[in-house]
Each structure stands twice: as C-alpha cells, then as structure tokens.
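Welcome! Let us take a walk through this structure together, one stop at a time.

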Amino acid sequence: MNRFVFSLIIATTMIIASCETAEKIIPSFEWSQLSAVPDKVGFAGSFAGISNDHLIVAGGSQFPEGTRPWSGGVKTWNDKVLALNSDGKGWKEIGRLPRAVGYGISLNWKDGFLLIGGANQTEHFREVYFIRYQNDQLFIDTLISLPHPLANSCGAIINNIVYVAGGLSSPVALSAEHVFWALDLNRPREQQQWKTLPSWPGEARMLGVAGQINGEFYLLSGTSLYIPEGDSLVHRRYLQDGFVFNPDKGWRKIKELPHPVVAAPSPAYTNANQQLFIFGGDDGSRAEQNAVLKDQHPGFRTEIMMYDAPKDKWTIQGKVFTDQQPDPENDPGASTWAPVTTPLVVWNQQIIIPQGEARPGVRTNRVLAAHPE
C-alpha cells in the first residue's frame with residue numbers, strides 16, 4: 001500500500017476516534033458558593049434571573065427563624081427584590097415586587113427574566129412580569145396574563161416561545177393541572193396571546209422539572225395529587241416519567257428517570273452535547289414521615305442526574321455539593337444542603353442554584369455555583 005495512503009487512513013481513523021471520544025465526554029462540576037442572600041433564614045419558591053450582569057432574586061416564602069410548621073410556625077411571604085453584582089461584593093435591595101409572591105416560574109430572556117404566576121398564603125396568580133435591572137433602576141413590565149391562576153408549575157423558553165406545563169390552580173385544589181400553554185414572544189406585544197397546546201400523554205402534575213434540547217421542550221417528573229378511597233386528605237404520587245414536546249410532531253415519551261426529582265431546580269441545565277442535567281430533587285421516599293421526622297429529616301436527594309438525548313439514557317453523574325456541620329437539627333443554617341423549590345440560572349458560565357428549601361419546613365440562604373469542567 002502507498003505510504004501516503006496508509007498514513008492518511010491512520011490519520012483519518014485517529015480523527016474519527018478522537019471525535020467519538022469527544023462526543024462521550026461528560027462534564028464534572030466544580031462547586032463554590034457565592035455571597036449568601038442577606039436573610040438569616042433564606043427563602044424557598046423565590047424567583048431568580050440575570051439582568052445586565054446581576055444575579056437577581058425576588059419573592060419566596062419562609063418560616064421565621066426558630067419556627068417550624070409542626071410547632072405552630074406561620075409561613076410568611078416576601079416581596080423584596082435583591083441583586084448581586086458580578087464582582088460578588090454583596091447583595092443590595094433594589095426594589096419590591098407588585099405583591100409578596102413565590103412558587104412561580106422564572107425564565108431568563110434577553111436582558112432580564114420573566115416571573116410567571118405564583119402564589120401567596122391565600123391565592124394563586126395569573127400575572128406575568130418581565131424584570132430588568134439597568135443603571136441602578138428596577139423595571140417591572142406587565143405581560144399578558146396566564147389563562148388562569150397557576151403556581152408550582154414549570155416552564156422554559158425555546159426560540160422566544162414560552163412554554164408552561166402543569167401546576168396548581170389554587171391553594172385548595174384537589175388535583176394538579178394538565179395544562180400546557182405557549183406564549184410567542186416573537187410577536188408584537190399587542191398580538192401576544194397564550195395558546196393552549198395538546199397536553200402530555202401522562203398524569204397531571206405539579207412541581208415538575210422543565211428543560212430543552214435542540215428546540216424540544218422536556219417535562220420531567222413532578223407529583224400528581226389524589227385522595228385514596230376512604231381518606232379525606234390529599235396525597236402526592238411522585239412520578240418518574242418524562243415527556244418531550246416537538247412543535248411539529250407533538251409529544252413522545254422518553255425513558256423513565258431512575259427516581260423522582262420533584263421540585264428540583266428548574267429549568268434543568270443543558271450543555272452543547274445534548275446532555276441535560278438535574279440537580280437533586282425530592283423522591284418522595286420520606287413524604288409520609290415528614291411529620292414524624294421533623295428536624296431529623298436528612299434533606300433531599302443530592303445526585304446529579306444526566307439525560308443523554310441521542311441514547312435516550314439516564315445516568316448519575318456526581319452529586320450536588322453539601323456540607324453538613326454539627327447539630328444540623330437545631331442549626332440548619334450552618335450546613336450546606338441540596339435545595340429544592342428554587343430556580344436554576346446560568347450566569348458567567350456557572351450554574352447558579354440560589355436559596356431554596358433545605359428540608360421540609362427549613363430554608364437556606366446559601367447560593368450554590370457549579371462550573372462545568
């Protein structure tokens with residue numbers, strides 16, 4: 001064989017092998033913490049986003065320091081808007097939301113982020129706001145409202161189209177919603193309307209995790225609500241199924257998750273290799289024991305779950321950084337937890353998980369940052 005041809009074959013083989021290896025690279029995550037939110041307890045269900053190189057958190061709920069729901073603690077709601085500059089030198093209060101609210105959807109868009117729906121202690125809301133922070137001023141624009149009130153739902157923006165899936169219509173609802181709505185932000189403001197799309201072929205749910213890969217919307221896990229026969233109380237059924245919506249082809253089911261990831265930070269993180277990552281979540285294994293465990297609850301799951309779209313395959317790829325200090329039962333704020341009921345945002349090439357619920361009834365004010373290596 002001609003030496004040139006032989007060398008070309010070897011070189012081509014090495015390039016192909018190198019490409020195949022590159023496609024299989026799975027990132028690990030280097031963890032750090034940003035400045036803690038300036039509240040000793042912290043909030044769950046907050047909104048969060050990026051605007052003009054500031055990390056912004058707003059709203060949410062907490063039980064005041066030293067109180068728990070099982071000891072008579074009353075949940076309070078927050079309307080503060082806080083911002084952290086990219087230099088990380090500290091948070092500052094930059095304004096207030098139109099009302100105290102939490103447990104809606106946060107989605108980054110252009111130079112700000114959307115706040116969609118949400119709840120307080122007495123009702124759920126339809127309103128949709130767009131938040132921007134520019135020249136030391138907070139701007140809150142009102143967009144077209146949802147078709148009806150919704151909280152504990154999930155969503156994503158794909159090609160400037162907002163998708164919203166599932167949720168709860170009121171604080172006393174006996175079942176979760178099976179709604180799937182879209183809002184086309186490409187249209188002029190006066191022409192924008194929420195459109196009802198076909199729902200996924202699975203149970204109604206709330207607290208699911210949304211995501212996107214290659215222009216397709218992902219709806220993952222969540223919990224349905226039901227009342228068992230002979231019971232008067234609403235129970236949760238923790239789900240581990242997943243569905244994908246293609247705007248041209250509709251819904252399809254994907255491989256089930258290894259375990260439920262209810263209320264995990266959402267929307268999920270997606271990299272350039274068509275790999276989607278979910279950080280922690282509640283698998284429901286202790287849901288019926290919360291009232292018994294109380295402050296002995298160890299917290300939620302810490303695994304990082306990765307979905308490989310081309311292979312339709314789930315794997316576990318590391319863990320969320322946690323650091324349990326002495327006496328976590330009475331001093332949970334000293335420890336670092338894998339939180340739930342909190343958004344996930346990407347800022348300066350880092351995955352940011354701000355605040356959230358450390359364990360049932362307990363909040364954290366810590367801000368986790370993961371850098372994909």
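The structure holds 2 cavities of 30 Å³ or more. Here a cavity is a set of points on a 1 Å grid over the protein atoms alone where a 1.4 Å probe fits but cannot get out, and its lining residues have an atom within 4 Å of a point. A volume is the space filled by probe spheres set on the points, with grid points joined across faces, edges and corners.

Before going further, please keep in mind that this is a predicted model, in which local features need pLDDT of at least 70 and side-chain atom pairs count only at pLDDT 80 or more, while totals for chains, interfaces and linings use all residues. Residues are numbered from 1 along each chain as its sequence is written, and side-chain values use heavy atoms, leaving out hydrogens and water.

Let us begin with the largest cavity, which contains about 240 Å³ of space. It is lined by 19 residues, and those closest to its centre are Gly104, Ser153, Ser266, Thr341 and Thr342. Strand 8 (105-109) and strand 12 are the elements that give two or more residues to this lining; strands are DSSP runs (E, at least two residues), numbered from the N terminus. By class, the lining has 8 nonpolar, 11 polar and no charged residues. In this scheme Ala, Val, Leu, Ile, Met, Phe, Trp, Tyr, Cys and Pro count as nonpolar, Asp, Glu, Lys and Arg as charged, and the others, Gly among them, as polar.

Is Ser153 buried or exposed? Ser153 counts as buried because its relative accessibility is 12%, and buried means under 20% relative accessible area with a 1.4 Å probe, protein chains only. Leaving aside residues up to four places away in sequence, Ser153 touches Ile105, Val164, Ala165, Gly166 and Gly167, where contact means heavy atoms within 4.5 Å.

The second largest cavity has a volume of about 80 Å³. Among the residues lining it are Phe47, Arg99, Phe125, Glu127 and Tyr129. Its lining has 7 nonpolar, 1 polar and 2 charged residues.

Our last stop is an open sheet of 4 strands in the order 1-30-27-26, with antiparallel pairing. Strand 1 (29-34) and strand 26 (345-347) are its edge strands, each pairing on one side only. Strand 1 pairs with strand 30 (residues 367-372) over 6 bridges; two strands pair if DSSP finds at least two bridges between them. Within strand 30, Val367 is the bridge partner of Leu34.

Conventions: Buried < 20%, exposed > 50% of the residue type's maximum accessible area, 1.4 Å probe, protein only. 1 Å grid on protein atoms, 1.4 Å probe; cavity = no way out; pocket = protein on both sides within 12 Å on 5 of 7 lines; lining within 4 Å.
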